[in-house]
Amino acid sequence: MQSDELYEKLPFLKKLDKSRAEQFVDYFKTAPDWLIEKLYVEDMEKEVVFVRENTPVDYIYFIIKGSIEAVDFRFQGVIYEFMRFDRVYAMGGMEYIMDKPTYGTTLRTVTKCKVVRISMKDFSRWMNQDIVALKKEAQRVGEYLFEDARKGRAFLFLNGEERVAMLVVERYERYAKNGVLYIKGSRQHISNATGLCVKTVQRAIKKLTDDGLVSKDGAKLFVTSKQYYEMKKIVGKVVDM
């Protein structure tokens with residue numbers, strides 16, 4: 001399907017930023033008309049759990065606006081946010097590729113989000129009929145698993161300060177605007193994302209601030225491009241980033 005046809009059939013694409021819209025068009029460019037007609041657009045509030053681990057895979061979700069995170073609650077009651085999604089990615093696609101009947105993780109919104117959903121039945125029908133789409137989905141799943149394993153291995157060799165620095169580096173590369181990243185979220189959110197306790201997070205942030213790698217603007221923390229490159233050097237001594 002041509003991109004202009006998708007824009008015509010899916011008006012919400014015109015309201016997205018160019019990058020996100022192009023990702024969506026690329027994902028669905030070989031999709032048949034019957035599938036496009038079954039896509040359902042839904043708005044979600046901030047911090048809503050919409051997929052729970054071990055529940056049946058009824059729907060495949062695609063984020064088109066906002067940010068979503070994968071959360072694990074299994075480790076001694078600690079909430080661990082191990083992956084954030086802010087690109088067009090089939091949530092539930094991995095379960096399809098692996099032939100799993102239940103979701104492998106819990107997903108919740110980080111911000112207010114707009115998502116597109118489709119039934120697993122219709123998604124499976126499309127993939128089974130379209131070898132190009134199936135190959136691309138398998139590639140995306142492989143990239144996700146590679147990145148998740150890489151991050152897990154890296155954390156084995158990083159101390160508290162380095163873990164926080166690695167998180168800041170990753171978020172700078174994804175969310176910085178005009179060369180500046182404002183570190184959003186509470187210390188608890190950073191704890192969830194790094195697997196560190198809140199006290200360790202506080203000590204790490206203080207050390208990074210004292211070393212001039214993180215700056216303060218009142219109660220807000222931010223990182224400049226120069227600070228980002230310095231932190232990347234520190235983490236790079238342990239992990240190849």
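A charge sits over a ring if NZ of Lys or CZ of Arg is within 6 Å of the ring centre and within 35 degrees of the ring normal. The views below come from a predicted model.

**View 1. Arginine over Tyr59.** The charged end of Arg117 lies over the Tyr59 ring. Its distance from the ring centre is 4.6 Å.

**View 2. Arginine over Trp34.** Here Arg125 places its charged end over the ring of Trp34. The distance to the ring centre is 3.8 Å.

**View 3. The Tyr27–Phe62 pair.** The structure holds 14 aromatic pairs. In one of them, the ring centres of Tyr27 and Phe62 are 5.0 Å apart and the planes meet at 65 degrees, so the pair is edge-to-face. Tyr27 belongs to helix H2 (residues 18–28) and Phe62 to strand E3 (residues 59–65). Tyr27 is buried, at 5% relative accessible area. Phe62 is buried too, at 1%.

**View 4. The Tyr27–Trp126 pair.** Tyr27 also pairs edge-to-face with Trp126. The centres are 6.0 Å apart, with 65 degrees between the planes. This pair joins helix H2 to helix H5 (residues 120–129), across 99 residues. Trp126 is buried, with a relative accessible area of 1%.

**View 5. The aromatic cluster.** Tyr27, Phe62 and Trp126 belong to one aromatic cluster.

**View 6. The whole protein.** The fold has ten helices and ten strands. Of its 241 residues, 46% are buried. The protein exposes about 13300 Å², and carbon and sulfur atoms supply 52% of that area.

Methods
Residues are numbered from 1 along each chain as its sequence is written. This is a predicted model: local features need pLDDT of at least 70, side-chain atom pairs count only at pLDDT 80 or more; totals for chains, interfaces and linings use all residues. Side-chain values use heavy atoms; hydrogens and water are left out. Helices (H or I, at least four residues) and strands (E, at least two) are DSSP runs, numbered from the N terminus. Buried means under 20% relative accessible area, exposed over 50%, partly exposed in between (1.4 Å probe, protein chains only). Accessible areas come from the Shrake-Rupley method with a 1.4 Å probe; for residues, only the protein chains shown count as cover. Rings of Phe, Tyr and Trp (its six-membered ring) pair if their centres lie within 6.5 Å; planes under 30 degrees apart count as stacked, over 60 as edge-to-face and the rest as tilted.
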